[in-house]
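Welcome, and please have your viewer ready.

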Amino acid sequence: MTSAAAGPDAAAPPHRGRRRPRWGDRLLRAYTWLVLAWLLAPVAVMIAFGFNDTRSKSNVSWQGFTTRWWGRLGDYPDLTAAVVNSLEIAAIATVVATALGTGMGVALGRYRFRGQGGTDLMMFAAISAPEIVMGASLLSLFVSLGVPTGFGTIVLAHVLFSVSFVAVTVRARVAGMDPAVEEAARDLGASAWAAFWRVTFPMILPGVLAGALLAFALSIDDFVITQFTGGATVTFPLWIYGAVRIGVPPQVNVLGTIIFGIGVLVAVLNAVAGRRRRG
Amino acid sequence: MTDIQQDMAAAEAGDPAAAPVPAIELAGVVKEYHARGEVVPAVRGVDLSIAEGEFFALLGPSGCGKTTTMRMVAGFEDPTRGTVRLHGRDVTAVPPNRRDVNMVFQSYALFPHMNVWDNVAFGLRRRGLPREEVRRRVAETLEIVDLAGRERRRPRELSGGQQQRVALARALANRPRALLLDEPLGALDLKLRQAMQGELKRIQREVGITFVHVTHDQGEALAMSDRIAVMNDGRIEQLGPPREVYERPATRFVAGFIGTSNLLAGTVAEVVGDLAVLRAGEDGRVLLPAGDHLRPGGPVEITVRPEKISIETVEPVPGVSAVRGTVTDASYLGTANSYLVRLPEGTEFTVFEQNVHDSGLTARRGDTVWLSWQPQHSYAIGSRTPS
Ligand SMILES: Nc1ncnc2c1ncn2[C@@H]1O[C@H](COP(=O)(O)OP(=O)(O)OP(=O)(O)O)[C@@H](O)[C@H]1O
Ligand SMILES: [Mg+2]
């Protein structure tokens with residue numbers, strides 16, 4: 001910046017965020033807000049109808065504000081049981097899928113081995129396969145093996161479809177890591193085990209956490225595959241589906257709001273932790 | 001430092017042989033990689049013996065196998081053939097965490113999620129040293145590399161030179177018996193590089209351990225090392241002190257790789273006393289010390305360094321090498337003048353002339369000049385000349 005060219009903001013450093021927004025920037029900003037609004041509108045409706053003072057069975061038209069449903073969450077014992085099932089399944093599936101997927105991601109990102117191409121292909125096949133196909137084929141598999149469908153088979157199925165997502169996120173993280181860092185740990189006296197836990201794992205942790213969140217999110221609201229593999233076990237999404245014909249009670253909205261709230265909380269915590277990590 | 005000396009004394013006390021055991025020994029080491037069904041020979045047979053406390057440089061062009069050699073010493077690669085010994089112990093099959101050497105990586109490879117202190121303490125903690133000892137040694141090492149006061153910083157909050165010093169401290173804190181440095185200054189700018197060269201030398205003197213320094217910068221190798229191994233295409237072409245490698249290059253490759261050198265091929269015309277004489281052009285001659293391998297009529301290739309040559313417009317006195325040529329380029333470089341002179345048989349010589357007189361350039365483009373140099377500055381290249 002020469003003194004001859006000094007404009008009104010000559011004293012300010014030539015910082016990108018400081019300059020006056022131009023047309024393109026404004027358009028981009030407006031567009032971003034529009035997309036966000038579109039994404040969040042259904043969530044807003046769900047939250048609002050958890051406070052709807054409805055008298056009838058169906059909770060579709062606004063009748064006035066009440067917090068009554070928040071106090072009567074347990075009115076439907078089978079709904080409560082379904083939510084508990086969903087949370088348990090999601091928790092177990094997340095832990096198992098994260099453990100397996102992390103191992104796969106590290107192996108795929110770090111080493112060259114026989115069968116790597118095949119593993120890659122299978123992973124992406126599992127990600128891109130239509131759920132209905134996966135659900136149907138899992139059901140025939142369980143039936144032909146004589147495995148009784150229920151809680152266990154749901155967990156198995158959920159692990160199966162989320163493990164690839166974890167592996168992909170972890171692999172991306174591992175691939176971006178300088179392999180010399182782990183070697184340095186070994187060089188400084190760490191066994192392979194210690195080098196992994198003290199150096200590699202903390203470095204890929206953001207990828208592992210992202211994978212775990214993805215696995216949890218995929219599991220908690222899965223309907224299609226659960227429908228096929230669930231037997232008599234009912235989860236939260238299955239219960240809602242069953243209730244649609246007779247009218248979905250506002251408690252479902254309240255539960256949905258709580259689950260959404262937890263999700264937001266986790267995301268915020270993650271962002272704060274990330275900011276702190278970056279210092 | 002005192003600990004190391006005690007260790008050494010203890011080791012020697014238990015050793016019946018009086019001859020000092022080399023810190024690092026490579027015997028017939030070969031490394032072949034297998035990439036897409038092809039065998040890639042990275043190291044083609046290296047024999048090397050590095051003494052305790054030595055500052056040793058491994059010098060060579062990109063891809064000649066320097067990193068691979070170091071990685072075999074550190075234990076990250078298994079040699080395809082051959083043995084690696086550290087202080088007399090065969091460690092060929094020992095994993096890196098159980099070898100008493102530490103490596104400073106070209107990319108530094110600092111732990112990004114740990115601060116400077118934890119980076120430096122890593123090795124000490126892995127070895128289970130008491131907390132107090134760890135604290136003392138980390139502080140001491142940070143003092144040596146001049147990083148005291150930055151313990152709480154994360155690696156990415158440091159400059160390149162500071163990161164480099166953390167990497168060095170992290171390795172040094174363990175008091176390894178040898179430190180392997182893989183182009184540790186490669187990522188630094190010239191100024192910092194020169195400053196760090198001095199620092200490394202000082203640190204090595206201070207701690208007194210063996211340093212093996214990989215570089216492709218010949219100036220760096222010459223300036224810092226006790227001995228240099230010049231590598232090319234997976235082999236060591238020459239091994240010796242800087243002066244010897246520079247003044248007496250063993251092969252054409254070494255002559256060309258280290259500094260600028262002029263090559264001249266010819267036949268020995270006669271041997272007079274202890275001097276061999278080559279004819280160059282109609283009235284030129286090259287004198288060099290006669291070795292046993294120089295016989296009249298035998299072919300010989302000599303090299304002479306550009307700064308050993310004087311450039312004159314009159315015929316030089318007898319008793320020195322003297323060849324006539326035409327100046328094809330003359331440039332003023334500040335501290336020196338540089339000339340390119342074409343000899344009658346077509347080879348071009350580079351000549352550096354110190355800028356001691358204020359008359360400027362001795363000769364200009366197109367002038368006919370005499371080049372002369374002392375007999376001992378002609379050096380016959382050995383028969384190991386590849387290609
Ligand atoms: N993992 C590997 N697989 C296949 N070939 C390799 C591997 N590592 C190195 N090579 C090959 O071995 C040769 C020597 O490599 P090396 O890294 O030792 O060279 P270098 O002397 O350290 O070079 P630079 O100065 O560029 O670092 C090169 O030709 C390289 O392509
Ligand atoms: Mg290298």
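Here is the tour, starting with how to read the model.

This is a predicted model, in which local features need pLDDT of at least 70, side-chain atom pairs count only at pLDDT 80 or more, and totals for chains, interfaces and linings use all residues. Residues are numbered from 1 along each chain as its sequence is written, chains are lettered from A and ligands numbered from 1 in the order in which they are written, and side-chain values use heavy atoms, with hydrogens and water left out.

**Select chain A.** Colour by secondary structure and you will find 11 helices and 0 strands (DSSP runs: H or I of at least four residues for helices, E of at least two for strands, numbered from the N terminus). The radius of gyration of chain A is 25 Å, well over the 19 Å that the globule rule gives for 279 residues, so chain A is more spread out than a compact globule (taken over C-alpha atoms; the rule is 2.2 Å times the number of residues to the power 0.38). Along the principal axes, the C-alpha trace of chain A spans about 75 × 60 × 30 Å.

Of its 279 residues, 35% count as buried (under 20% relative accessible area, 1.4 Å probe, protein chains only).

**Jump to Ser338(B).** Look for this residue in strand 17 (residues 336-342) of chain B. Ser338(B) counts as buried because its relative accessibility is 12%. Now show its contacts (heavy atoms within 4.5 Å): leaving out residues up to four places away in sequence, Ser338(B) touches Asp329(B), Ala330(B), Ser331(B), Leu333(B), Thr350(B), Val351(B) and Phe352(B).

Ser338(B) and Pro306(B) are 32 residues apart in sequence, with 8.8 Å between their C-alpha atoms.

Note on methods: Buried means under 20% relative accessible area, exposed over 50%, partly exposed in between (1.4 Å probe, protein chains only).
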